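Please read the following report alongside the sequence and the coordinates.

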Amino acid sequence: MSAPQISLTVAFDVNGKSCARHNVEARRTLADFLREDMSLTGTHLGCEHGACGACTVLIDGAPARSCLTLAAQANGTQITTVEGLAHGAVLHPLQRAFKEKHALQCGFCTPGFLVAAAALLSENPDPTELQVREYLSGNICRCTGYQFIIAAVLAAAAEINGKAGSNV
Amino acid sequence: MLFGTRQTRGEDDRLIQGKGRYVDDIKLPGMLHVALVRSEAARAHVKVDVEAARSAPGVRAVFVATDLPASAKILPDCHPNPVLRNPRGPQVLADGVVRYVGEPIVAIVAESRYLAEDAAELVSVEYNLLPAVVDLERAMSDESRRVHEDLQSNLAARIPVSCGDTDKAFADAACIVRERLQIQRGAGQAMETRGIVAHWDPHAERMVVWNVSQVPFVHRTAIANALQLSENSVQVLNPDVGGGFGYKGLTYVEDLLIPVIARQLEVPIKWIEDRREHLIAAYHERTQLHDMEIATTADGVILGIRGKFLCDAGAYTPWGPVVPLLTAVNIPGPYKVPNYKVECDLVYTNTVPIAPVRGAGRPQACYVSERLLDAVARKLNIDGAELRRRNLIQAHEYPYDVGFISRDGTRRTYDSGNVPALLERALEMIEYDKHKARQKDYAAQGRHIGIGLACCVEDTGLGPFEEVGMTVELDGSVTVRMGTPSQGQGQRTAFAQIVADQLAVPFDKIKVLAGNTDNVRYSIGTFASRAGIVTGSAVLNASKQLRERALKIAGTLLQASPDDLTLEDGGVVRKDGGKLGRAMSLSDIVHTSLGESGAPLPLRDLGPGMSTVASFSPPTNTFATGCHAALVEVDPRTCKVSILKYVAVEDFGTMINPMIVDGQVIGGVGLGIGNAFLEKVVYDDSGQILTGTFMDYLVATTMDVPHVHIDYLATPSPLNPLGMKGAGQGGTIPVPAALSAAVEDALRDYGLRLRHVPFSESDIFAALQTARTGAAA
């Protein structure tokens with residue numbers, strides 16, 4: 001049933017920029033808010049029930065499903081989307097590694113993987129292959145079979161840690 | 001040379017920064033959003049009341065079947081096939097009768113998706129339920145209800161394929177093995193669901209449609225017919241597409257419905273399918289039940305294979321009988337099967353229609369032939385690898401006449417191949433002899449380790465043609481226009497590699513445009529592992545024409561013979577290294593040959609500019625082959641399967657970009673692992689679909705797909721100028737067969753028999769119980 005919707009004011013930082021919107025419907029998801037109201041279409045909706053991970057963003061540094069988060073719930077937080085991973089023209093090591101290792105094909109799940117992997121590396125800068133597999137097991141990719149995604153994350157970790165001659 | 005190198009992809013810079021543009025990213029001024037009300041019943045007469053929805057907030061229009069023009073009521077069969085005796089196209093909106101859960105009944109058009117979904121809940125559908133036809137065998141019984149009441153039975157098509165004399169082969173056989181082998185329903189489930197944006201462009205006076213199609217030209221025809229427009233009044237565009245896997249290569253009722261709404265309302269319309277809709281209403285594949293037998297000599301040499309199988313069509317036939325037809329012609333695989341007879345019945349049920357999903361009937365075929373061979377190996381006590389050695393077509397026997405007519409109407413002939421070499425390489429990589437020799441030791445340690453093998457063929461690179469347009473621009477950059485869109489395969493990269501070599505232009509100065517029906521005049525589309533071969537060869541032909549033209553123009557301008565010239569670093573040089581009268585870049589050639597505005601054309605005999613259109617038509621399909629080997633460990637207490645090593649040895653002929661091909665293989669294996677263990681669409685007896693979320697329909701994750709060890713041995717195809725074979729599906733096809741064999745081998749002491757995929761831990765447990773009871777009885 002369509003019931004009268006409560007509207008709220010929502011204010012948060014997205015990729016380092018503060019933003020505020022009034023009259024945001026309480027039911028509006030963070031994903032729709034980012035994609036439609038902020039035009040940040042890098043965050044993708046793969047399942048809208050929290051199973052595929054394509055919509056993963058960071059809320060105060062922690063990975064979250066933006067399809068299951070209401071925009072209002074993110075009020076007062078700092079949000080990072082795939083558009084915020086690069087520093088200006090300098091790509092995040094994960095982004096470079098994804099290209100180098102052929103860790104993407106259609107690219108639809110890629111933003112979710114990149115954001116989740118960025119969270120992993122900030123929690124654990126030197127993960128083992130199994131740790132990478134476990135951390136990314138909530139993200140689904142139908143194209144790549146994951147092998148090169150895992151290789152890319154390990155390569156980026158090695159780069160961040162200044163390890164030369166990564167063996168992945 | 002860029003051809004054959006692991007060139008990183010030109011597509012990726014956008015995609016890794018969140019700058020991709022998928023259909024749901026398209027926003028047009030005044031755009032309205034559609035939500036669909038779908039059937040909750042598998043078979044019913046329905047009455048619809050939409051009055052409450054019409055007056056809901058934000059609703060601009062509501063469409064039911066009677067609102068559609070006669071030309072847009074039923075989806076036409078875009079690929080008619082005479083074998084299909086009783087075709088039935090899907091209803092664009094259900095008109096009084098529904099035939100599967102998920103069939104669209106009402107379209108709500110509203111100012112936002114939220115409001116459209118609110119209004120959808122106000123639609124009242126009264127279901128007068130009828131018993132559903134779900135079980136494949138029961139559907140073929142005389143007593144069965146019929147999915148289509150106007151038909152005499154649920155039979156959509158009967159497909160016979162045969163060669164030789166199977167009666168004699170079986171009469172003469174020393175060993176006959178029969179198996180009932182079942183493959184359950186699965187789905188493509190690309191990470192991007194389907195979606196459409198359509199609007200009437202008043203400037204160009206035509207319908208512009210963005211969608212996720214693998215076959216935009218097919219869609220253009222279907223949309224033009226539905227709207228009663230000429231084809232030049234419809235443009236179909238594909239932005240970035242988030243995976244295709246075959247089932248986006250068909251036309252769906254929504255592909256007609258959304259443009260019809262946009263035309264009637266004269267506003268831009270967007271429909272984005274959600275995952276639940278995708279799981280219950282996008283085409284599925286795979287359900288087949290095979291009763292097959294194999295006859296061999298005492299040494300295990302195949303004398304014949306025969307049998308029948310049923311293929312579940314679902315409720316309609318949007319792409320005719322292509323899936324079972326592919327199974328029927330692929331069962332002999334890379335083996336010598338002198339006598340073969342199979343008959344398939346394509347059967348209507350009250351379920352989602354089926355369509356090709358990556359592999360397309362071939363995983364079933366491979367499963368049948370490999371499971372039969374494993375059963376023969378066991379019965380005759382011959383090692384599985386040795387049995388395959390005795391039956392594989394040998395390298396010197398190619399080209400090999402399989403003996404019957406193939407999918408494309410030509411005599412099925414394997415153009416080239418060397419599967420025995422693939423098998424030996426796979427055995428070496430998996431360390432077959434070592435592990436086989438140690439199996440007793442492993443068992444003594446309480447470890448249950450087994451190896452499975454599977455070899456396959458794949459008919460790839462189907463005709464009839466693809467066309468490519470190519471232009472050298474004034475600045476010397478090159479634009480390539482083609483009709484086969486990408487769903488992630490990296491065509492922009494691969495085809496630029498071909499052009500770069502032919503025209504001596506740097507990779508990043510080549511732009512490959514696809515996904516726009518204005519790009520070329522005619523096209524078929526991206527499916528059946530054909531774009532690389534067919535479009536790739538057309539790209540080569542176009543590049544060669546421009547290369548030749550560049551040298552001709554340069555020869556005229558430099559007063560040299562074109563034979564003495566070649567292209568290097570974006571310009572013309574002398575082959576002998578000698579100095580030219582003046583430097584001449586591709587840009588100079590284009591400038592000169594185009595002349596100056598208002599002046600006569602300088603090279604009147606040669607015509608203006610450096611632009612061409614070329615096509616390629618393969619004489620028939622070329623055959624890719626592969627051999628996969630799996631080493632698994634199974635814990636008989638938990639029935640948990642661990643893949644210790646997975647090997648894929650593939651023959652895709654010559655490869656443009658092995659990095660991209662690696663990705664195709666590994667991704668294909670990932671789907672195959674899902675098909676073996678996880679992916680199962682489930683209907684209950686009333687036709688309710690029980691797998692409507694990703695928590696129910698399971699796909700492989702990082703925890704399921706192991707490292708895939710790949711090697712390639714190439715026998716270049718003689719059927720195209722670059723010697724290519726398609727690489728899109730080979731990764732998937734043999735996986736269920738190889739893993740079934742490996743798990744059976746690991747639990748051989750328990751007498752485990754696997755006769756269906758997917759199989760879960762629970763299924764292995766149940767099969768072990770059956771084996772135990774059987775042994776006790």
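The report below describes a predicted model with chains A and B.

Residues are numbered from 1 along each chain as its sequence is written, while chains are lettered from A and ligands numbered from 1 in the order in which they are written. Because this is a predicted model, local features need pLDDT of at least 70 and side-chain atom pairs count only at pLDDT 80 or more, whereas totals for chains, interfaces and linings use all residues.

**Chain B as a whole**

Chain B holds 19 helices and 31 strands, where helices (H or I, at least four residues) and strands (E, at least two) are DSSP runs numbered from the N terminus. The C-alpha trace of chain B spans about 95 × 75 × 45 Å along its principal axes. A compact globule of 777 residues would have a radius of gyration near 28 Å, and the 28 Å of chain B agrees with that; the radius is taken over C-alpha atoms, and the globule rule is 2.2 Å times the number of residues to the power 0.38. Of the 777 residues of chain B, 58% count as buried, a residue being buried if 20 or more other C-beta atoms, placed from the backbone, lie within 10 Å of its own, exposed if 12 or fewer do, and partly exposed in between. Among the contacts in chain B with a separation of 6 or more, 80% join residues 24 or more positions apart, with contact defined as C-beta atoms, placed from the backbone, within 7 Å.

**Domains**

The bounds come from an automatic or database domain assignment. Chain B is divided into domain 1 (12-130 + 189-281), domain 2 (284-462 + 619-776) and domain 3 (466-616), and chain A into domain 1 (7-84) and domain 2 (93-160).

**Strands of chain B**

Strand β5 (residues 104-110) of chain B has seven of its seven residues buried, so it is largely enclosed by the rest of the structure. Strand β1 (residues 32-38) of chain B pairs with β5(B) in the antiparallel sense over six bridges, with L36(B) opposite A107(B); strands count as paired if DSSP finds at least two bridges between them. Strand β3 (residues 59-63) of chain B is also antiparallel to β5(B), over four bridges, and V59(B) has A110(B) as its bridge partner.

Six strands of chain B form an open sheet of mixed pairing in the order β7-β17-β16-β15-β8-β31. Its edges are β7 (155-163) and β31 (756-757) of chain B, each with a single partner strand, so one side of each is left without a neighbour in the sheet. Two bridges join β8 (residues 175-183) of chain B to β31(B) in parallel, and Q182(B) stands opposite H756(B).

**Contact between chains A and B**

The contact takes 42 residues from chain A and 46 residues from chain B. The elements giving two or more residues to the side of chain A are α2 (93-100), α3 (110-123) and α5 (147-160) of chain A, with the largest share, four residues, coming from α2(A).

Conventions:
Contact = placed C-beta atoms within 7 Å.
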